[in-house]
Amino acid sequence: MANHYTVVNRTSQPVSATWDGRQYTLGPFEMDIFPELVAIAFKRWNIQMGSLDPRTGQVTYLVGIKEKNDP
């Protein structure tokens, strides 16, 4: 059985991700439950532009996964 995670949109704009040929969208400040692979796709697809720290490699994401304690 696959794990499911709560994905939270932290922005005032809709965000989207594509997984397995299907488009998923979250509205502004919306949260929804997705399978683990879709939740990870949301993070990969929604990186805040210009947030990469060249020293540490850390980036800021526009979405968070509640169960993984994302800030």
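Buried here means under 20% relative accessible area, exposed means over 50%, and partly exposed sits in between (1.4 Å probe, protein chains only). The structure is a predicted model, so local features need pLDDT of at least 70 and side-chain atom pairs count only at pLDDT 80 or more, while totals for chains, interfaces and linings use all residues. Residues are numbered from 1 along each chain as its sequence is written, and side-chain values use heavy atoms, with hydrogens and water left out.

With those cut-offs in hand, Leu37 counts as partly exposed because its relative accessibility is 48%. Leu37 is placed in helix α1, which covers residues 36-45; helices are DSSP runs (H or I, at least four residues) and strands likewise (E, at least two), numbered from the N terminus. Together with Trp19 and Ile40, Leu37 makes a nonpolar surface patch of about 250 Å². For the record, patches are made of residues with over 30% relative accessible area and no salt bridge, with like charges joined within 9 Å and nonpolar side chains (Val, Leu, Ile, Met, Phe, Trp, Tyr) within 5 Å. The accessible areas themselves come from the Shrake-Rupley method with a 1.4 Å probe, and for residues only the protein chains shown count as cover.

Now for the inside. In soluble globular proteins, nonpolar side chains tend to be buried together. The largest nonpolar core in this model has 13 residues, and Val7, Leu26, Phe34 and Phe42 are those with the most contacts inside it. Elements giving two or more residues to this core are β1 (4-9), β2, β3, α1 and β5, with α1 supplying the largest share, 4 residues. A nonpolar core is taken as a set of buried Ala, Val, Leu, Ile, Met, Phe, Trp, Tyr and Cys residues joined through side-chain atoms within 4.5 Å.

Leaving aside residues up to four places away in sequence, Val7 touches Leu26, Glu30, Met31, Asp32, Phe34, Ala39, Phe42, Val63 and Gly64. Thr6 lies in strand β1 and counts as buried because its relative accessibility is 11%.

As for charged pairs, the structure holds 1 salt bridge, that is, a side-chain nitrogen of Lys or Arg within 4 Å of a carboxyl oxygen of Asp or Glu. The partners are Lys43 and Asp70, with the closest N and O atoms 3.2 Å apart. This pair ties together distant parts of the chain, Lys43 being in helix α1 and Asp70 in the segment after β5, 27 residues apart. Lys43 counts as buried because its relative accessibility is 18%, whereas Asp70 is partly exposed at 24%.

Most residues other than glycine have a negative phi. Asp20, though not a glycine, has a positive phi of about 55°. Asp20 is found in the loop between β2 (15-19) and β3 (22-26), and counts as exposed at 73% relative accessibility. Asn69 also has a positive phi, near 55°; Asn69 is in the segment after β5 and is exposed, with 67% relative accessibility.

That segment after β5 (63-65) also holds Pro71, which is exposed with a relative accessible area of 86%. Pro71 and Ile33 are 38 residues apart in sequence and, C-alpha to C-alpha, 17 Å apart in space.

Definitions and conventions:
Contact means heavy atoms within 4.5 Å.
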